[in-house]
Amino acid sequence: MKRLLIVGFDGLDSLLLKRFIDDLPTFKKFFDDGAISHIQAVHPALTPVCWTSLYTGSTPARHGITGWHFGRVAKDAMFTLDDSKVSTIWDIMTKAGLSVGAVHMPMTYPATAVKGYMVSGVPTPWTNPKGTRITPKKAYYTKNAQRIYHRMVYPQGIRDMATEYPVDLSDLLIESADYEKNEPERILETIISRRLDLVESLERDIQTDVLAVGFMMIDRLYHFVLQPAPPKKETEAVLHRWYVRADQMLATLMERYPAENTVIMSDHGGGWKRKKNGKPAVWHTKHATFGGIGKDFAGGWQHRKRWLMCVAPTILKVLGVDCELWKRMSGKVATEMLRKG
Ligand SMILES: [Zn+2]
């Protein structure tokens with residue numbers, strides 16, 4: 001049995017999750033038998049900034065990752081997890097002797113040298129098996145092309161296998177000149193089933209104490225499927241459909257990889273809104289989610305003032321990693337989510 005299973009859902013909104021909960025039997029277990037909490041995203045509520053806060057238990061001011069790019073424009077070099085000024089849970093778990101398997105968790109490029117394996121998630125320069133194309137942030141990739149290609153995975157022995165699996169929707173969308181015909185939702189489905197296959201093959205060869213799997217699909221609805229946003233009812237129907245899908249995937253992972261504790265987390269939320277110019281849009285909200293179920297979690301639904309930074313210390317506490325590093329983090333252990341004693 002694993003010590004911990006971590007499932008990361010980029011953009012999983014705590015309030016939408018609560019609204020749809022009666023149709024989400026797996027998430028509902030966290031409400032009924034575990035603990036689940038609204039956690040406030042940091043500012044700016046962008047994927048690289050927020051995930052780094054989740055992994056480090058630190059505010060952006062401390063970890064230093066403040067956006068997608070060092071500068072203000074897309075041609076500036078992108079931040080990577082290497083730029084974090086403080087240790088991540090991956091470093092700390094590895095130092096504590098735990099073996100870690102991590103697949104496509106967002107903002108894990110370049111892959112950490114864990115005891116186990118890591119395949120980086122978004123943003124990662126994914127090259128398809130023919131080697132013909134990489135994701136479109138050209139400056140970043142051409143500047144570091146060689147270095148990047150070799151650091152998407154750890155250890156190098158899994159590179160050929162792991163790089164056959166797509167990381168992000170945009171990797172596949174740009175394969176076709178005709179965006180419309182690409183049916184983003186169908187592609188998201190392909191990515192999910194292939195990702196589960198990849199995890200299965202890796203886990204067959206390398207047993208790990210901690211397994212972490214990340215999914216971008218909910219966030220990708222906000223940016224690719226619901227732009228411009230259809231009327232509110234239609235938007236909610238699409239979101240509902242994919243929250244149900246997320247619930248099924250979570251059930252699959254929990255069944256395949258039984259663990260003492262299972263944790264779910266997201267970096268920010270997302271929802272329908274009308275912009276100042278009157279146009280409908282779906283954009284990030286500050287409503288991120290953190291939940292746990294298993295040996296150590298209890299307390300049901302909690303909506304209190306909590307930030308992303310509570311996640312790293314709580315995870316390390318549950319793993320029994322007694323480490324000076326996490327005691328100095330900006331966030332504190334979410335003790336109300338844990339069983340007493
Ligand atoms: Zn995100």
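Tyr222 counts as buried because 25 C-beta neighbours lie inside 10 Å of this residue, where buried means 20 or more other C-beta atoms within 10 Å of the residue's own, with C-beta atoms placed from the backbone. The model is a predicted one, in which local features need pLDDT of at least 70 and side-chain atom pairs count only at pLDDT 80 or more, while totals for chains, interfaces and linings use all residues. Residues are numbered from 1 along each chain as its sequence is written.

Tyr222 sits in helix H10, which covers residues 217–225; helices (H or I, at least four residues) and strands (E, at least two) are DSSP runs numbered from the N terminus. Setting aside neighbours within four places in sequence, Tyr222 is in contact with Gly11, Gly270, Val282 and Trp283, a contact being two C-beta atoms, placed from the backbone, that lie within 7 Å.

Turning to the whole protein, 13 helices and 11 strands are present, and 51% of the 341 residues are buried. Among contacts between residues at least 6 apart in sequence, 69% join residues at least 24 apart.

Cys50, not counting residues up to four places away in sequence, touches Ala41, Val42, Ala45, Asp267, His268, Ala288 and Leu308.

Methods: Buried ≥ 20, exposed ≤ 12 C-beta atoms within 10 Å, placed from the backbone.
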